[in-house]
Structure formats: C-alpha cells, structure tokens
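This report describes one protein model.

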Amino acid sequence: MITGNGDGTHGTAGTTAGRGTGPDVAPRARGEWARHWRPAGLPGLDLLRARYVRHSFPRHAHDGYVVGAVTDGIEEIGFPQSPVRAGPGEVIMINPEVAHTARAGAPEGWAYATLYPSAGLVAEIAEETTTLRGTAGFAETVTGDPHLCRMITEVHRAAESGNALAADTLLRLAVARLLCRYGGPLPARTPRTAGARTAARAKIVLEERMADPPSLEKLAHELGTSPFALLRAFKDAYGMPPHTWLTDARVRRARRLLEAGSPPAETAVAVGFTDQPHLNRHFTRIVGVPPGAYRRERAAQGGGAGGAGAITYKTAGGAAP
C-alpha cells in the first residue's frame with residue numbers, strides 16, 4: 001500500500017519503514033485514495049475505485065468503454081457538447097474514443113467504482129443479449145439507477161475477494177442491463193470529409209513519431225494544409241487538439257509498456273516524455289494513479305485480490321474501504 005501525507009511528502013509504502021519518495025509517487029490531496037487494477041480471471045476488464053477531492057482528469061479518451069457508479073459526492077464530466085454531473089446512485093456511461101474531462105463537482109470531491117470493459121467484451125455481451133446492429137454503445141451519458149450502481153460496486157467487491165465467477169456474472173448482467181436500457185449503435189468513424197481524412201493522417205503521423213513529433217506547422221506542411229485548418233479538423237475529429245491527443249496517446253502506450261514490465265524511467269523515454277517525473281505527472285492526471293503503482297498492480301496480479309500484491313494509492317486522512 002502506498003500512502004502520502006497530502007502536503008507533498010509521502011509516508012510508508014506497505015509495511016516498510018521510511019518515506020516513499022520515488023518519482024512514481026505523486027502528492028495527493030488529503031482524503032484521496034485510488035486503486036486501478038486488472039483482476040485475475042476477468043480478461044478485458046480494468047477496475048478503478050477511488051475518492052478524489054482536488055484531482056482532476058484532463059481531456060482524454062479511452063479505447064474501451066467507461067461505466068462508473070458514483071457512491072458519494074458529485075463528479076462533473078466535461079464533454080465537448082456540455083458538462084454533466086453525477087451524484088450518488090447515478091451511473092456514468094462513456095463510449096470509446098469520446099474525449100472528456102472529469103473533476104469534483106462539490107467541495108468534498110467524489111467517490112466512485114468504475115468498470116473499464118474492453119470493446120471486444122462489450123461487443124460479445126451485446127451480440128448475446130441485444131438486437132443492436134453495428135458497434136454497440138451507449139445513447140445516454142448519465143442515468144439514475146441505484147440498483148445498477150449496487151451491481152457495479154458488487155463487481156468490485158467480488159473481484160477484490162477473488163470471486164471471479166461472481167464478478168464476471170455481475171459484470172455481464174450490468175453491461176447487458178445498460179445496453180438494453182440505454183444502448184444504441186455507435187456512428188461509423190470512417191473519415192468522410194477532406195478535413196476528417198487529413199486529421200486521420202495526422203493521427204497516424206503522431207502515432208508513428210510519438211517520441212519526436214513535428215511541430216503543428218511542419219505537420220500541416222507535410223499533409224498539404226495550413227496549421228489552423230489542421231487544428232480545426234483534428235479537434236472536430238478527436239475532440240481535442242493534436243498536442244493534447246498526443247499526451248493521451250503517450251500515456252496509453254506507456255500503460256502497455258508498464259504492463260509488459262518496462263520500468264517507468266525507460267517507459268518515459270520510449271513514449272516521448274522528457275523524463276520519469278514528466279511521465280509521472282501526466283500519467284497520474286490521466287489514469288488516476290502513478291505509473292509505479294500501476295506497474296506494481298499488474299506485476300502483483302498473480303498474488304490474488306486483497307493479498308500481498310494488492311496496492312491502494314492513498315493519502316493520510318483518506319481511508320480506502
């Protein structure tokens with residue numbers, strides 16, 4: 001378990017005496033804690049259970065789905081169209097590649113239990129339980145459904161106790177309920193306009209040259225357009241400007257490298273961050289936990305839920321349930 005003191009200094013890590021001051025440990029507001037992990041026996045699913053007070057997530061997107069149950073406080077999610085707020089008993093639904101932010105909507109912050117099912121897992125559930133055609137997704141962003149909230153938190157409790165059978169059952173029932181009540185086909189993402197095609201080409205260039213990307217002007221010149229035309233097209237296509245998208249893409253790739261066992265310092269350089277503190281800052285803001293804690297959770301999966309490998313990132317004054 002990693003703890004911090006809320007004032008920028010850090011307390012003990014696990015039961016080892018001394019201060020944890022490594023660059024993978026970021027300061028937390030008093031009362032904040034988080035656990036981001038992938039339970040054994042449940043492929044295609046990540047879990048995050050957390051309380052955040054001052055932490056805010058910058059604009060980013062996910063390659064899979066987000067289903068979050070708010071259990072306390074208020075969360076405010078910023079979508080390109082308009083922000084939405086969710087409180088206790090409400091469920092947040094976000095489709096893949098939808099740009100959004102998140103922050104506290106009340107002084108006390110918010111607590112939630114979140115499921116991150118992969119696109120493949122949701123497609124499998126949709127095919128078996130719905131008549132939706134094409135790629136299934138959610139037509140709503142927030143709904144009041146206390147029963148579904150309890151199901152989502154029960155997925156976490158079952159996974160944390162090592163009961164993969166119960167967790168998998170509750171997960172599939174919860175996603176099926178969401179799709180049946182709030183589901184719909186996602187719009188095709190095939191670029192149709194010249195601007196959309198240019199944005200897609202820019203995205204490929206940034207992915208290929210992630211560690212040494214060109215400037216906006218050079219990128220626009222390579223693609224045969226102007227900087228402002230490229231900026232508008234990219235924001236229209238992906239909900240954020242190229243530099244924001246690139247930071248998010250670097251963090252996504254860093255997650256994959258960390259999951260494969262790459263040390264944070266090497267990962268930082270590989271994805272184009274200046275150094276490990278640079279990775280730590282952006283990774284913690286977007287993922288919700290530091291890269292070192294994230295890597296240790298992945299390495300500890302074989303230790304069993306709640307065992308010696310379970311890592312909860314928290315601060316003094318914040319008690320993880």
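The model is predicted. The protein contains 10 helices and 15 strands. Of its 321 residues, 50% count as buried. The exposed surface comes to about 14,700 Å², and 53% of that is supplied by carbon and sulfur atoms. Taking contacts between residues at least 6 apart in sequence, 70% join residues at least 24 apart.

**Helix pair**

Two packed helices are described by the angle between their axes and the distance between the axes.

| Item | Value |
|---|---|
| Helix α7 | residues 242-259 |
| Helix α8 | residues 264-271 |
| Angle between α7 and α8 | about 140 degrees |
| Distance between the axes of α7 and α8 | 9 Å |

Angles over 145 degrees count as roughly antiparallel and 65 to 115 as roughly perpendicular; α7 and α8 are therefore oblique to each other. Their crossing is right-handed. On the α7 side the contact is made by Arg250, Arg253, Ala254, Leu257 and Leu258, which meet Pro264, Thr267, Ala270 and Val271 of α8. By type, the residues of this contact are six nonpolar, one polar and two charged.

**Glycine 105**

Glycine 105 is in the loop between β10 (100-104) and β11 (110-117). Is glycine 105 buried or exposed? Its relative accessibility is 19%, so glycine 105 counts as buried, the cut-off being under 20%. Beyond its neighbours within four places in sequence, glycine 105 is in contact with Ile74, Glu75, Glu76 and Arg85. Glycine 73 is 32 residues away along the chain, and its C-alpha atom is separated from that of glycine 105 by 7.7 Å.

How values were computed
Residues numbered from 1 in each chain as written. Predicted model: local features only at pLDDT ≥ 70, side-chain atom pairs only at ≥ 80, totals over all residues. Heavy atoms only, no water. Helix = DSSP H or I, 4+ residues; strand = E, 2+ residues; numbered from the N terminus. Buried < 20%, exposed > 50% of the residue type's maximum accessible area, 1.4 Å probe, protein only. Contact = heavy atoms within 4.5 Å. Areas by Shrake-Rupley, 256 points an atom, 1.4 Å probe, with all protein chains shown as cover. Axes fitted to C-alpha atoms, helices over the stretch in contact; angles between N-to-C directions. Parallel < 35°, antiparallel > 145°, perpendicular 65-115°, else oblique. Left-handed = near helix turned anticlockwise from the far one by under 90°. Nonpolar A, V, L, I, M, F, W, Y, C, P; charged D, E, K, R; others polar.
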